Amino acid sequence: MSLLYPEFLWALFLNIIPIFIHLFNYQKHETIYFSDVTLFKNIEEKTKKRSQLKNILLLLSRILLVSSIVMAFCFPYEKKEQINNYKNLKKIGIYLDNSFSMSRLNKNQSLLENAKDDLMKLVDNLPEKTEYIFTTNNKLKNKPYSLRKNELKKEIINTDYSPFSFTYSEIIDIQKEQFKGDIINTFWLTDLQKNSFDLSNNNLVENDHINLLKYSSDEEGNLSIDSVWFVESNRQIKKNEALKVKTTNHSNSEIEFQIKLNIDNGEVLSQSYTKIKPNESKIIEFIFSVETKGQKVGELSIISNDMNSIKYDDNYYFSYSLNENFKIVNLHNGDNESNSYLKALFSSVEKTKYEEVNFKEGYNDYDLNADLIILNELLNFDKQLINNIISNKNILILPSMSENLDDQELNNFLNVKFSSLENSKLELDIESVDKNYFKNIFSSFKGNINLPYFKYHYLLTKNPNANYLINFSNGDPLLVKYSESNSDFYYFTSNLNSLVSNFKQHALFVPIMLRIKEKSSSDFIKQYEINRLNSVKVKNELQQNGDIKVINDLENTTSSFFPKVSTKKGISIIFLENEIQFSGHYYLMQSDSLIDIISVNGTKSESKMNFINDKEFKQEITNLKLEENLSFWNIIEKKYPEIISLKNNNNEYWKYFILLGIIFLILEIIIIKKFT
C-alpha cells in the first residue's frame, strides 16, 4: 500500500489530545472515614476495575478514530499492474503548453486547466517508480533533472500562463537535454498553433516517441494590439502628439471594443470606442500632449466582449523619452556635395546635434561617439575605423562608386559581397518598400508618383541575414539593413552624388533619412517582444559593480535582478536573456537613479487564431515520415490515450479508513453509555 499524500502523517501527533484527556481522568479523591467499611469493599473493587477498563477503551477508540481520519487524508492506495506499455520506462517526458492561447475556454474551463486535469490522470495511472521530465514555456522553471510523482503534481498545479512560446523543434531540443541522451517517450499537451509547427527541423531518432494531445476551444476569436508609433519623429512637451495604435481582429465576427491609453500613471488618460471588421486590422489615433520632460511609460488596454477569447494580450506596454540629445556625425573624404544637404536636413531637427568630420584630417574617439554615424563615400575603411564604429552604434553607409570592389574592410565584416557595379538608370520601386519599417511615410501614394532615379548602383549577392528595405524597379536592392555586434548598418548600394542620382533633391529624401534617424534614436518608442529580448543598448557608460539592477516597479518592487553589463566607448549593453519572464515595464536602475525603461510585451504570434486541423496535421506527419514517432489524439472529440482514460486503475483505501473512523466513533459512544 502507498500513500498519495504522506505529508499528512504529521497529523498523527494529534493523538496526544486523547492521551491528555485520559491522564486528566486520574483525579485525586477525598477520603471519608466510616466506622465499618466491610460492606463497601466489594463495591469499591468492582467500581474501580470498571472505571479503569472504560478509560482504557475510550483512549484506544479515540486514538484509532484520529489515526483513521489522518490515514484517510493521506489517500492510501495500491497500484494495479495494468500498464504494460509504460511499466518498464524509467522516464516519461511531459510538455505542458502554457502559452497565452491556452487560456481560451472550453465549457467554462480554460484549455490549460483541462490539460492539467488530464495530466493528473496520466500521472495517477503510471507506475509509482516512474520519473518525469517536465517542460513548459517558462524557461527558468524547466528542471534539468527528473521529478518524482508528488514533485511533478506540485509543478503542474503551480504552472501559470507564460508570454513565451516555443516551436516544436525547440521543445524537442529542450527535452533532449533534459533526457540527457536517453530515448524520448513524451506527452505533449498543446493547442497546435501553426506558428509553432516546424517539425521538419526536428532531431527525433528512431525510437523517440511523442504522444500529442490537441486541445481546442469553442471560442476562436481574439483582438490584439500589434504595435504603436508616433506620427512625428521627435517628442516635445506641451505640443500635441499623434500616437498610432494598430489593432487586429483575429475572428470571423465584427467586434466592438474600447481601448484606453494611460501615460505616466495618469498624466495622459484617453480612450476610444470603435468597431473592427472580421479578420482586419485597424489604426486608431490618440492625440495628446505631456507637460513634463523625462522618461515616459505608456500602457494600452483593450476592453471588449466575450468574443475576445485571449485576455492576456489585452495590455500593451511601451515607453519613450523627451529629454535626450541625438548626435549625428558625417564622416567624409573632404569636399562632398551631399554634405550641405545632410547638414541642412539634420541641423534643423530638434534635439539633434550634427557634426562633420573630414576623414583625411584624422579623427579621435570623441568624434565617433555618436548615435548615428554616416560613412559618406569613403574610399577605404581601415581596420581601426571598423573597430571604432562597430561599438554599439548605428551606421549609415553611402558608398563611393568605384570599380574597385575588394578594398572595403567593412564589407568583409558584414559579409557583403559585390558582384558588379551596374551602370543603368533605375527608379526606386515604391511597391518594394518595407511598409512595416516605413509605415509612417508611405501610408498612401498615387500610382503616377514621381520617383527618384539612380544611374549607378552596386549589385549585391543575396544574404540571408540582410533585411531589404527598398529596391530598384528591377528588383535589385537599394537600401539594406544589417545587424552585427549590437550595431545596425543601413547600407545604400548607391549614393547622393548628383552624377549618380537625384535622390537628395527628391521629396522622399527627407522622410527616408529621418526614418533612419528615428529608428536609431531613443525618441522612437521602445516596445520589446519577450521572445526577442536578448539585450538592450543604453547611452550611459555603466559598470556592473553591484549597483546596476533591473526592478519591476519603482514604488512596490516585488522582483529584481542584477544583469550582465558590457561597456565600450560610451555605450553599454544590458544582457537580459532568460531574466525577464513576464510582460510589463521594467526599470534599469543605478543605485537610486533611473537609467532606462524596458517595456516588454508577449509573443505576438500567440494572438493569432491559426491552429492546425487534424487533416493538416496527419498529412504533414505523413509527408515528414514521422508516423512511427508521433501518435495523435484530438481531445475535443473525447479521444484520449489509454493511459489517461483508464479508470479504477488503483485500489483506493481511503474510504475504508473513513468507515473505520465512523465505527470507532460509534464504539466510543457505546462505551460511554454502557460503562456509566
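This is a predicted model: local features need pLDDT of at least 70, side-chain atom pairs count only at pLDDT 80 or more; totals for chains, interfaces and linings use all residues.
The contact itself can be followed residue by residue. Helix α6 contributes Tyr341, Leu342, Leu345 and Phe346, while helix α9 contributes Phe509, Val510, Met513, Leu514 and Lys517. Sorted by class, the residues of this contact comprise eight that are nonpolar and one that is charged, with no polar residue among them.

A search of the whole structure finds four cavities of 30 Å³ or more. The largest cavity holds about 150 Å³ of space. Its lining is made up of 15 residues, and those closest to the centre of the cavity are Ile225, Asp313, Asn601, Gly602 and Ser607.

Which strands each supply at least two residues of this lining? They are β9, spanning residues 223-230, and β15, spanning residues 315-321. Strand β9 gives the most to the lining of the largest cavity, namely three residues.

The lining of the largest cavity may also be described by class: seven of its residues are polar, four are nonpolar and four are charged. The contact of α6 with α9, by comparison, has eight nonpolar residues, no polar residue and one charged residue.

Conventions:
Residues are numbered from 1 along each chain as its sequence is written. Side-chain values use heavy atoms; hydrogens and water are left out. On a 1 Å grid over the protein atoms alone, a cavity is a set of points where a 1.4 Å probe fits but cannot get out, and a pocket is an open set with protein on both sides within 12 Å along at least five of seven lines; lining residues have an atom within 4 Å of a point. Grid points are joined across faces, edges and corners, and a volume is the space filled by probe spheres set on the points. Helices (H or I, at least four residues) and strands (E, at least two) are DSSP runs, numbered from the N terminus. Ala, Val, Leu, Ile, Met, Phe, Trp, Tyr, Cys and Pro count as nonpolar, Asp, Glu, Lys and Arg as charged, and the others, Gly among them, as polar. Contact means heavy atoms within 4.5 Å.
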